[in-house]
Amino acid sequence: MRRIPFKPTKLNMQVTDADSMAKLFGSSGVRGLANIDLTPLLANKVALAVATYAEAKKAVVARDTRLSGQMLENALVSGLVACGSDVLLAGMVPTPVLAYAVKAFGADVGFMLTASHNPPQYNGIKVFSNTSLSFTDAEQDTVEELVAQEKFALANWRRVGKTTTIDASQLYLGMVQKAVLLQKPWQVVVDPGCGAAFELAPRMLKMLGCKVTALNAQADGYFPARKSEPTAESLQDLAKIVKVLGADIGIAFDGDADRVAFVDEDGGFVNFDRSLAAYGALALKRSGGGVIVTNVEASMCVETMAEKFGGKVVRTKVGDIYISEAIKREGAVFGGEPCGAWVHPQHHFCPDGPLSAALFLSALEEEGKSVSEFISEVPEYITLRENIPCKNEFKYRVVKELEATLKTAFPRFTGFSTVDGVRLALKEGWLLVRASGTEPLIRLTVEGESEVAAKDITAKATALLHKQVEVHQK
Ligand code: MG
């Protein structure tokens with residue numbers, strides 16, 4: 001397909017592999033600084049283009065708690081009704097609630113206004129199809145082309161759309177209630193971080209019979225309490241409160257709650273790779289084997305755990321859409337990225353923080369384990385990361401050239417993949433070389449069974465990388 005580059009402003013530029021051509025859509029939709037990159041004008045054009053492309057008769061629109069959300073929503077809705085699409089307004093709800101609503105209300109498309117875990121001055125538009133999958137690269141390219149050409153199918157004045165407010169949360173909670181039945185009154189501390197799950201997550205946990213303490217459970221687009229990205233550092237308050245209250249678990253979400261993070265009963269932040277591997281193993285155990293999906297950056301502990309239950313791991317590029325697509329294609333039982341974005345295909349195809357939290361509690365109950373006991377089943381490997389400076393104009397070429405170099409340097413490799421950068425599986429670990437999407441860097445990630453193994457692989461790969469970069473830098 002011919003790709004017409006959209007004229008970028010500053011930060012919405014997504015650098016592609018071939019050159020520095022900027023794209024409107026990245027792997028997480030349109031993303032940028034509100035009113036600088038992402039203006040109401042752009043939101044309006046995206047809505048007009050999507051409605052034109054999808055011939056949308058019905059659309060669902062939701063937003064997270066960012067201050068620019070309402071402004072962008074108005075522009076978006078205006079574009080949709082102009083194309084004759086009726087719009088269901090879901091208000092401030094998590095991204096997975098929106099995705100589920102698109103499917104459940106029989107809409108043609110859904111729009112989530114969110115910049116996920118990014119700082120408050122950002123916003124974004126994520127587009128979902130009627131299967132609850134976010135738009136694929138090909139669909140986004142078509143929309144981008146329509147935006148660039150301003151080819152919009154405006155409706156006759158008699159046929160412009162109408163707007164209606166809906167309670168998508170109620171519908172979503174009905175789905176959770178059918179999926180999860182808890183016996184134990186779990187003592188839970190939940191931290192929505194003033195983001196999109198501010199109301200829904202405490203409500204869901206109470207509905208499931210948990211004893212809930214909620215913090216940062218008010219909508220606040222400044223994210224005053226903590227960064228919207230859940231990390232060990234940003235969840236320190238949650239960890240302390242779990243410990244002080246003697247709670248069973250701490251649960252946190254990112255800004256739009258498509259990601260979940262856990263704190264164990266001792267106040268320890270649960271490593272994302274290990275919780276993914278532990279839950280993935282349980283999904284395989286339940287189904288008696290099958291496929292689980294993760295990305296190229298996830299720890300090999302996912303494979304270690306999957307193998308215990310006769311499961312197979314399929315690895316994709318980094319980006320939740322690739323996980324969802326692979327799950328659908330492979331008929332996988334579960335999938336996720338090691339940032340807490342987990343997909344449960346039995347319910348829908350969007351990463352879902354609140355549903356993951358409910359299913360995680362159900363898993364603990366099924367196994368009769370505390371959080372730390374459940375996670376301790378998963379081996380802990382050593383991960384090392386190096387950034388090697390490399391000019392943008394040849395960073396992708398260097399990575400390509402390394403395919404052959406790395407194979408020669410590590411002749412006893414057990415797996416090789418170029419699905420995203422170059423990934424080599426070795427007997428005692430693995431390595432991944434990727435060009436940074438935004439910076440003049442090549443990123444090396446290494447994991448080893450032991451520290452010695454990880455350091456050996458890193459030293460060897462780093463030397464090769466520097467050598468290859470020098471060839472071009474001369
Ligand atoms: Mg997110």
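**View 1. Glu145 is buried, at a relative accessible area of 17%.** Here "buried" means under 20% relative accessible area, with a 1.4 Å probe and protein chains only. This is a predicted model, where local features need pLDDT of at least 70, side-chain atom pairs count only at pLDDT 80 or more, and totals for chains, interfaces and linings use all residues. Residues are numbered from 1 along each chain as its sequence is written, and side-chain values use heavy atoms, leaving out hydrogens and water. You'll find Glu145 in helix H4 (residues 137–149); helices are DSSP runs (H or I) of at least four residues, strands (E) of at least two, numbered from the N terminus. Its C-alpha atom is 9.8 Å from that of Leu24, 121 residues away along the chain.

**View 2. Ser116 (OG), Asp254 (OD), Asp256 (OD) and Asp258 (OD) coordinate the magnesium ion at 2.0 to 2.2 Å.** Donors are N, O and S atoms within 2.8 Å of the metal (3.2 Å for Na, K and Ca); water isn't among the atoms, so sites may look incomplete. Ser116 sits in the loop between strands E6 (109–113) and E7 (122–129), and Asp254 in the loop between E11 (249–253) and E12 (260–263), 138 residues apart. Both Ser116 and Asp254 are buried.

**View 3. Tyr279 and Trp342 are stacked, with ring centres 5.3 Å apart and planes at 25 degrees.** Rings of Phe, Tyr and Trp (its six-membered ring) pair if their centres lie within 6.5 Å, and planes under 30 degrees apart count as stacked. Tyr279 belongs to helix H8 (residues 272–287) and Trp342 to strand E16 (residues 341–343).

Conventions. Buried < 20%, exposed > 50% of the residue type's maximum accessible area, 1.4 Å probe, protein only. Phe/Tyr/Trp six-rings, centres within 6.5 Å; stacked < 30°, edge-to-face > 60°.
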